[in-house]
Each structure stands twice: as C-alpha cells, then as structure tokens.
Amino acid sequence: MSQQSRTRPSGNATALNESYDTALLDLDGVVYAGGEAIAHAVDSLVTARDAGMRLAYVTNNALRPPEAVARHLTELGVPAGPEDVITSAQAVSRLIAERFPAGSKVLVIGGEGLRVALRERGLEPVESAEDGPVAVVQGYGGPDLAWGRFAEACYAINRGVPWFASNTDLTIPSPRGIMPGNGAAVEVVRIATGAEPQVAGKPLPPMHRETILRTGARRALVVGDRLDTDIEGAFNGGVDSLLVLTGVTDGAQLLAAAPEYRPTYVDADLRGLLTGQPDVIGGPDGGFGCGGWTASVGGDALVLDGDGDALDGLRALCAAAWTDAGEGSCARETGKALAKLGL
C-alpha cells in the first residue's frame, strides 16, 4: 500500500527485524523516557541487533554530540557507538557545508552537539555576530541558554547572514514535564527579525537524507512515537514506519491522523520489531476486522465490537477511521470505542 493511499495499518507475515535491514529509531518516548529505558526496549533492541538488523538512533535534539548519546545508550544496556547516532546537528551542518567552503565561520546558538557537527564538516564555530560568520545556526541549547545568544543571532540575521535551524520542535520532554524546545527559541528570533530559517530536522527531507547517507540503509523502517515528526518524516522520505505507543501519541490522535501522519504499523512497544503484524481485513458490510474485533462507522461515531488483543482492536479502528476520513482527518466520535480497549 502506498504512503499516499494508506487507509489501514499494513500486515506483515515476517518479523519486522527480518523484513527491514535498518531501524531508524527515535530516542525519547521510544528507547527511553526521562533518561530511563522504556520497558522491553533494551531486550528488544539487543535481540534485533544480534539477529542482524542495523540500529540507528535518530534524534532532533542537537544538544549532545553522538558520543554522549551513545554513551548514555550503552549505560542503559543498548550497545551503541557514535556512528550509530544521527542528530539534527549533523543534518544542518551538512546543509551549511554544501553552501559554504571549508573554514567558513558559523555563529552557533546552541550546545556542544552543534559545534562538534560543524567541525566534522570543516566549519569553524564562532560566538559573536562580530566574528564575521557566513551563517547562523540555531539548535537546542538546554534550559540555561542565555538570552544574549538570541541577540547575537538577531544582529547577524538582520545584517543579511543566512539562518539555519536544526529543528523546530516547539516542546521537549523533561523529567519535570514539558518544556520549550528549539522551535520555541526559533520563534523568538523569527519575531525579532522577520526572517525564516532553513530547517534540517525531522520531518523534513534533510534529516532523512542524513540517516540514509550515514547508515547505507536499503530498506529502512522508521520507529517513533510522534506522528508529526517521526511518522511524517517517514512519509516524506517514502519509507515505512512503526508507531510505538510508549510516548506522546495516544489512540485518539492516531485515529484522527491525516494521511501524512498514518504509520505503516502500530504496536505497543519495541517488541513489535521482533514480530509480524496482523492483517486488517475489510468486510462486505464496510467494516474492518483484526483479530477478534470488528470496527465500523455508525452515525457520527466509530463502533467497535468483539474482544481480544486491544492492539488488534486499535488497528481495526484505524482502518475504519482512515477510510472514512479519506485525505482528511477523522471527525467521528471515538471515545466509546477506545474505552472498550482501555485506551
């Protein structure tokens, strides 16, 4: 089923780690949450890797360099090296390096991850608009990024210096809750300058290109918990995706997903990498069946009948909702159907 015409989750008789050569994994909400490993993540990733699947960890967070991310993963029990980590800092640094020659100065508004990535491309990070930068690059710099850094960006941009951003995620999770992400910081500079940055991170193509260049993947599977970055990024890259329900996306959001946000597969957690996926079957009455469940549209609501595995019920509901919505978003009431699944 093509990305553009997806009206139901796909089935797959073979375990996903055998059907795809590389998993492009988001981190927060997929592998860990608040710095701690999510249940079943470590064992599932080790098993998939030992069976021959390449694992690449793809993050929009430009704060930490790959070495630091790999060290964190290894501490959690997931064997990873710096070469297994792809960041939006790397993607945006490639964009800049393709436009400007080696040795060019780039004004950095962000953390060490950006500086490391720029040096990898032969570019020189600088701290002031007075240092003669050919570009400004902005990435997440942590909660203590000084207000004066935004002023430096504005001084340079208002002089006509091109502006690049690692990503525009408005929020980022933290152990204390949701906090402003790089997208919120980008808005500060946008309001002050009236300029628009060139953005590299998910869900835009430069980030997907970076992952393919660095991994050499021939048949990649994007694995994520967010519809608006991970799944849309897979859609834009023309590759399949697995949504895991260990992060920000809930059942109601999944059922309301427009075409670019609809994953190929849906599973509870990363154990889904190690299994096949059940087919969703269309019935003669217009309903959809999966496992012991049947989903259909009744009046202004989705209707769910049957029993069995809750995930099968959710997959059937996706088929009913997405088929009914077509190229839009499902406007039917979903609460009662999801309540039957405990979702």
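The structure, a predicted model, holds zero disulfides. A disulfide is a covalent bond between the sulfur atoms of two cysteines. Cys318 takes part in no such bond, and the nearest cysteine sulfur, which belongs to Cys290, is 9.8 Å away. For a pair to count as a disulfide, the two sulfur atoms must lie within 2.5 Å.

Aromatic side chains were examined next. A search of the whole structure finds two aromatic pairs. In one of them, the ring centres of Tyr20 and Tyr265 are 6.3 Å apart and the ring planes stand at 75 degrees, so the arrangement is edge-to-face. An angle over 60 degrees is what this class requires. The pair joins distant parts of the chain, since its members are 245 residues apart. Tyr20 lies in the loop between α1 (16-19) and β1 (22-25), whereas Tyr265 belongs to strand β15 (residues 265-267). Tyr20 is buried, with 2% relative accessibility, and Tyr265 is buried at 3%.

The other pair is formed by Trp147 and Phe150, whose ring centres are 5.4 Å apart; the planes are at 90 degrees, so this pair too is edge-to-face. Both residues lie in helix α6 (residues 147-157), where a separation of three residues amounts to about one turn of the helix. An α-helix has 3.6 residues a turn, so residues three or four places apart point the same way. Trp147 counts as exposed, at 62% relative accessibility, but Phe150 counts as buried, at 10%.

Helix α6 also packs against another helix. The axes of α6 and helix α7 (residues 182-193) come within 10 Å and cross at roughly 45 degrees, which makes α6 oblique to α7. The crossing of these two helices is right-handed. On the α6 side, the contact is made by Trp147, Phe150, Ala153, Cys154 and Ile157. On the α7 side, Ala185, Val188, Val189, Ala192 and Thr193 contribute.

Leu107 is found in strand β6 (residues 105-109) and is buried, with 0% relative accessibility. Apart from neighbours within four places in sequence, Leu107 is in contact with residues including Val126, Glu127, Ser128, Ala129, Pro133, Ala135, Val136 and Val137. Other contacts of Leu107 include Arg149, Glu152, Ala153 and Ala156. The C-alpha atoms of Leu107 and Val136 are separated by 4.7 Å, although the two residues are 29 residues apart along the chain.

Helix α3 (residues 66-76) was considered separately. The buried residues of α3 are Pro66, Ala68, Val69, Ala70, His72, Leu73 and Leu76. The elements that cover these buried residues include strands β2 (32-33), β3 (36-37), β4 (54-59) and β5 (85-87). Helices α2 (41-50) and α4 (88-99) are also included in this cover. After α3 comes Gly77, whose phi is positive, near 110 degrees.

Technical notes. Residues numbered from 1 in each chain as written. Predicted model: local features only at pLDDT ≥ 70, side-chain atom pairs only at ≥ 80, totals over all residues. Heavy atoms only, no water. Phe/Tyr/Trp six-rings, centres within 6.5 Å; stacked < 30°, edge-to-face > 60°. Helix = DSSP H or I, 4+ residues; strand = E, 2+ residues; numbered from the N terminus. Buried < 20%, exposed > 50% of the residue type's maximum accessible area, 1.4 Å probe, protein only. Contact = heavy atoms within 4.5 Å. Axes fitted to C-alpha atoms, helices over the stretch in contact; angles between N-to-C directions. Parallel < 35°, antiparallel > 145°, perpendicular 65-115°, else oblique. Left-handed = near helix turned anticlockwise from the far one by under 90°.
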